[in-house]
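Dear colleague,

Please find below the structure that I am handing over to you, followed by an account of what was found in it.

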Amino acid sequence: MKKTIHWFRQDLRVADNPAWVSACESGAVFPVYIHDTENGRDEQLGAASEWWLHHSLESLNKSLGGALNIYAGDSAEIIHQLVRKYDISGVTWNGCYEPWRVELDRAVTDLLEKEGIEVAVFNGSLLWAPEEVSKQDGTPYKVFTPFFKRGCLGAMPPRRPLPEPKGRYGRDPESVELKELDLLPKQGWDAAFYDHWKPGETGAFQRLESFLALGLKGYKEGRDFPARKNVSRLSPHLHFGEISPNQIWYAVRNRTADDDVGHFCSELGWREFSNHLLFHFPYITKRNLNPKFDVFPWDPDEKKLQAWQQGKTGIPIVDAGMRELWQTGYMHNRVRMVAASFLVKNLLIHWKEGERWFRDTLVDADLANNTASWQWVAGSGADAAPYFRIFNAVTQGRKFDSDGAYIRSYIPEISRLPDKYLFSPWEAPENILREAGVVMGSDYPLPIADLKKSRADALAAYATIKEGG
Ligand code: FAD
């Protein structure tokens, strides 16, 4: 009987998995996951992502009745050895778009094809494969709206989801136990994560069902309010491929076709856009997309960076977001934008520092989305927020958390302040602070940046690079 390897990567699911379906249909299949530890390939995996990956692999292994073959090492070498050991005739996988994975794909393909092994690569993670979307002149898009409307929606509808195939699995006794990958943290910082997340395909579907029932209606407006339940929180499930964007796309569109659905689908479109950018401009993980920013006068300050990371900037909406991130591995999108803008514009700290922290702490840390979003906020990216548009973190808090529910849930030490001063506690008169039991500078920090002055400084810094382009 023909034997095929399916190489699971960022597609940790058995339903709607085109490469997995192809492998299962061709005979016996060896389900394989390789934690690539060579050449620093998985160096970009943060601690929160490692936590997620452990549980996601556990769940996948369960779906496969314990047949997942797990390895740690060099992907190309391990696949090569398995092919020889088990007389494998084909290898399938779903393409990934992180630059190191693209390179690895090429190397593995070359190696296998030289040995006469059939390689079949599918698109299992995006609605539109980035290599298939381009402008009429053949160049990649750099602006979202034409990318999504013309390049994606105007081309063809996304592929319909595929059912889960039946497989006959091959088991390699020399594969390792999941715990040998050593992905779980040594200290117990992950305790609260279990209250918030259920990694794996079943958890992804439960999340989707709950979003369809409770979040989708009112999404367009509600998605901006961090205390509301309108966002899906599907991002980590999507990142690890526990659910496909196609399954989500058709599940929401089968419900209704209104503004909420349209808006939600356009957010999935932003994910496509980030991957399009990463695929065509792989250097954006390290360099500004807009080279004008290469000479931007950033002002590195370790103490301020730490205050930001720890949620101790003295600006409540920023601190609430950073604490939500630390406690749950997630931060609401509106607050991500405000916290990121505060770092790069009010503190003038390089976007790469923020990107690195998010990469380590987010359960949905995703090279494409994280890089593109940080560059978008900084003003150096594609279709970016102009540098001179600087969020006022106090106004943002008042507007999107008007009753203070979000801030109060993450910053209990100022929760007794009246709404009037909750967003800018340093402005509260002494008697109000006393009544609320807050000593500024002791219970809660004084702001590490004056919003008005830092705004003016940022504009002056921007003026130094504006002439260049
Ligand atoms: P929903 O509103 O329910 O949206 C559904 C899906 O659409 C999301 O799961 C996500 O896959 C996609 N999506 C939504 N908004 C965006 C967006 N702006 N850009 C790209 N895709 C989007 N998203 C990540 O998945 N990983 C990251 O590492 C990441 N880093 C970010 C860093 C910064 C500074 C900012 C401003 C945004 C970042 N985002 C990132 C984008 C966005 O914040 C998250 O995708 C979103 O908050 C995830 O929550 P959700 O699943 O509830 O989103």
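**Helix packing and the ligand site**

Please note that the model is a predicted one. The two helices, H14 and H16, pack at an angle of about 60 degrees, and their axes are 9 Å apart. The crossing that H14 and H16 make is right-handed.

Helix H14 (333-346) and helix H16 (367-378) each give two or more residues to the shell around the ligand, as do helix H9 (235-239) and helix H11 (259-280). Six residues of the shell come from H11, which is the largest share.

In total, 27 residues surround the ligand. The closest are Tyr219, Ser232, Arg233, Asn333 and Asp364. By residue type, the shell around the ligand consists of 14 nonpolar, seven polar and six charged residues.

In Ser232, a polar side-chain atom lies 2.6 Å from an oxygen atom of the ligand. Arg233 places a polar backbone atom 2.6 Å from a ligand oxygen atom. For Arg336, an N or O atom in the side chain is 3.5 Å from an oxygen atom of the ligand. The ligand taken alone exposes 820 Å², of which the protein buries 96%.

With kind regards

Definitions and conventions
Residues numbered from 1 in each chain as written. Predicted model: local features only at pLDDT ≥ 70, side-chain atom pairs only at ≥ 80, totals over all residues. Heavy atoms only, no water. Near = heavy atom within 4 Å. Polar contact = N/O pair within 3.5 Å; in protein donor to acceptor, adjacent residues only side chain to side chain. Areas by Shrake-Rupley, 256 points an atom, 1.4 Å probe, with all protein chains shown as cover. Helix = DSSP H or I, 4+ residues; strand = E, 2+ residues; numbered from the N terminus. Nonpolar A, V, L, I, M, F, W, Y, C, P; charged D, E, K, R; others polar. Axes fitted to C-alpha atoms, helices over the stretch in contact; angles between N-to-C directions. Left-handed = near helix turned anticlockwise from the far one by under 90°.
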